[in-house]
Amino acid sequence: MNSDGYSVGAVAKIAKVTVRTLHHYDEIGLLSPAGRTRAGYRRYVDTDLDRLQQILFYRELGFPLEEIAAILDDDSVSPSEHLRRQHRLLTDRIKHLQDLAAAVEHAMEARRMGVQLTPEEKFEIFGEDYKEEWEQEAEERWGDTAAWAESQRRTGAYDKADWQRIQAEMTDLNARLAEAVAAGEPADGTLAMDLAEEHRQHICRNFYDCTFTIHRGLAGLYVSDPRWTAAYEKTAPGLAQWLHDAMLANAARHEA
């Protein structure tokens with residue numbers, strides 16, 4: 001910074017905001033520059049930029065400007081406490097996004113399997129973040145396959161109790177997968193391959209003939225689609241890649 005401070009244009013460029021935004025922040029008293037030139041132009045100093053950084057952080061998390069002003073003007077809160085608060089907010093945001101990713105997984109699975117439930121039952125079984133429009137994505141991707149047709153035919157007769165049983169089975173399997181990962185079981189070991197085979201048989205038993213070729217395709221989806229990856233990572237860190245590798249190893253074992 002030079003001795004005159006930063007101009008409003010320079011600050012806008014540094015912070016990647018508009019000059020109009022900075023003018024507005026000044027007008028409402030949220031961020032008033034430390035000085036002015038003789039001609040009346042705003043001049044910002046380093047502490048002003050520090051405050052702007054805090055403002056933009058809280059704005060990113062959806063805080064209204066009035067609440068941001070109250071937070072930053074609270075003299076009882078130290079800079080360290082601000083950082084701890086921001087860490088908590090970021091942690092909560094990450095958890096929320098992970099929950100949404102898990103809901104996407106349930107919705108995609110449901111659509112691929114041909115769920116025949118009322119909207120209320122779908123929300124009850126698959127979670128409050130369930131969105132029916134996610135079903136369309138699965139149909140667009142697999143709707144012209146024999147597996148999709150078979151799944152639609154078989155699941156058309158399923159009632160709420162059937163879906164609750166299926167969901168319970170998958171929850172139990174996911175718990176055992178997480179335990180195996182936590183225990184350090186190798187993805188190409190017998191236990192891992194047996195669990196991968198159980199995963200395949202779960203699909204075969206309830207939905208369609210999941211060949212090893214199809215199962216390998218699902219394995220690829222678990223690591224290529226961020227939503228699926230996030231859902232498995234929420235169950236256990238590293239599970240998405242581990243399950244992918246176990247599914248491939250299991251297919252190779254049976255096709256050898």
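How many aromatic pairs does a search of the whole structure find? It finds three, where rings of Phe, Tyr and Trp (its six-membered ring) pair if their centres lie within 6.5 Å, and planes under 30 degrees apart count as stacked, over 60 as edge-to-face and the rest as tilted. The tour below visits them among other stops.

This is a predicted model, in which local features need pLDDT of at least 70 and side-chain atom pairs count only at pLDDT 80 or more, while totals for chains, interfaces and linings use all residues. Residues are numbered from 1 along each chain as its sequence is written, and side-chain values use heavy atoms, with hydrogens and water left out.

**The whole chain**

Show the chain as a cartoon. Its secondary structure comes to 13 helices and three strands; helices (H or I, at least four residues) and strands (E, at least two) are DSSP runs, numbered from the N terminus. Of the 256 residues, 41% are buried. Buried means under 20% relative accessible area, exposed over 50%, and partly exposed in between (1.4 Å probe, protein chains only). Among contacts with a separation of 6 or more, 65% are between residues 24 or more positions apart; contact means heavy atoms within 4.5 Å.

Select Ala15, in helix H1 (residues 8–15). Ala15 counts as partly exposed because its relative accessibility is 23%. Leaving aside neighbours within four places in sequence, Ala15 is in contact with Leu52 and Leu56. The C-alpha atoms of Ala15 and Leu52 are separated by 8.0 Å, although the two are 37 residues apart along the chain.

Next select Lys16, in the loop between H1 and helix H2 (19–27). Lys16 is not a glycine, yet it has a positive phi of about 60°. Most residues other than glycine have a negative phi. With 74% relative accessibility, Lys16 counts as exposed.

Move to helix H3 (residues 46–60), which has 15 residues. From first C-alpha to last it reaches 21 Å, close to the 21 Å expected at 1.5 Å a residue; the expected span is 1.5 Å times one less than the number of residues. Buried residues in H3 include Asp48, Leu49, Leu52 and Gln54. Just after H3, Gly62 takes a positive phi of about 90°.

Now show the side chains of Phe57, Tyr58 and Phe63, which ring pairs link into a cluster. The ring centres of Tyr58 and Phe63 are 5.2 Å apart and their planes are at 70°, so this pair is edge-to-face. Are Tyr58 and Phe63 buried or exposed? Both are buried.

**Tyr222 and Tyr232**

Tyr222 lies in helix H11 (residues 212–224) and Tyr232 in helix H12 (residues 226–235), so the pair ties together parts ten residues apart in sequence. Both Tyr222 and Tyr232 are buried.

**Helix H10**

Select Asn206, in helix H10 (residues 190–206). Asn206 is buried, because its relative accessible area is 2%. Its side chain makes a polar contact with the side chain of Arg165 (3.2 Å). A polar contact is a pair of N or O atoms within 3.5 Å; within protein, one must be able to donate a hydrogen and the other to accept it, and residues adjacent in sequence count only if both atoms are side-chain atoms. Not counting residues up to four places away in sequence, Asn206 touches Arg154, Thr155, Tyr158, Arg165, Ile166 and Glu169.

His202 is also in H10, and at 3% relative accessibility it counts as buried. The side chains of His202 and Glu169 make a polar contact (3.2 Å).

Then show Arg200 with Phe212. The charged end of Arg200 sits over the ring of Phe212, 4.0 Å from its centre (NZ of Lys or CZ of Arg within 6 Å of the ring centre and within 35 degrees of the ring normal).

**The nonpolar cores**

Finish with Leu239 and Trp242. They touch the most other members of the largest nonpolar core, which has 31 residues. Such a core is a set of buried Ala, Val, Leu, Ile, Met, Phe, Trp, Tyr and Cys residues joined through side-chain atoms within 4.5 Å. Helix H9 (160–182), H10, H11, H12 and helix H13 (239–255) each supply at least two residues of this core, and H9 gives the most, with eight. Leaving aside neighbours within four places in sequence, the contacts of Trp242 include Leu177, Ala180, Val181 and Leu195.

Apart from this core lies another, of 22 residues, among them Leu30, Tyr44, Leu61 and Ile68.
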